[in-house]
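Look at the structure shown here and follow the text through it.

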Amino acid sequence: MKKNDRTNVMRLLDSKKVTYRSHSYSHTDAVSGMEAAAMLNRNPQQVFKTLVTVGRSGRHYVFVIPVNQELNLKKAAEAAGEKHIEMIKEKELLPLTGYVHGGCSPVGMKKLFPTMIDQSCENFDTILFSAGKIGYQVELPPAELKKVIPFQTADLV
């Protein structure tokens, strides 16, 4: 990977002295997480997607779940302490987070939102998630991620 291929997520991880591996695949359009996992030849249970939601209170929450799973909105609301939660509209993603659909990362959003990662992350030494740009992923142990963003684990799928 060339130096100018570094994403803001990678620069942020570097600045916090976090150990990670970067992966890239050739793609300019958003692809599904399952396609990204296949291009990287990785177990889809180990590759995570970042979803942004809004609760009835108007507060935003970030959920990080395996790419081959769907977010259970009832479990998500319970984990967030909300009565009801729903996905934000795609057009709201960029102004809210600074990321585009397909390149959303839990690291480096414009604001730090309460973040929950599916408890299945504990089944792996490392997990992969978007490096903040389509075609780029970072891989690191969940414990290393805690150095950058506070998160809780919960049953979300």
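Strand β2 gives the largest share of the lining of the largest pocket, five residues. This is a predicted model, and what follows describes that prediction. β2 covers residues 48–55, and together with α2 (33–39) and α4 (90–97) it belongs to the elements that each supply at least two residues of the lining.

The space in this largest pocket comes to about 490 Å³. The pocket is lined by 23 residues, and the closest to its centre are Lys49, Thr50, Leu51, His101 and Gly102. What classes of residue make up the lining of the largest pocket? Twelve are nonpolar, eight are polar and three are charged.

Now turn to the cysteines. How many disulfides does a search of the whole structure find? The search finds zero. Cys104 is in no disulfide, and the nearest cysteine sulfur, that of Cys121, is 17 Å away. Cys121 is likewise in no disulfide, with the sulfur of Cys104 as the nearest cysteine sulfur, 17 Å away.

Notes:
Residues numbered from 1 in each chain as written. Predicted model: local features only at pLDDT ≥ 70, side-chain atom pairs only at ≥ 80, totals over all residues. Heavy atoms only, no water. 1 Å grid on protein atoms, 1.4 Å probe; cavity = no way out; pocket = protein on both sides within 12 Å on 5 of 7 lines; lining within 4 Å. Points joined across faces, edges and corners; volume = space filled by probe spheres on them. Helix = DSSP H or I, 4+ residues; strand = E, 2+ residues; numbered from the N terminus. Nonpolar A, V, L, I, M, F, W, Y, C, P; charged D, E, K, R; others polar. Disulfide = S-S within 2.5 Å.
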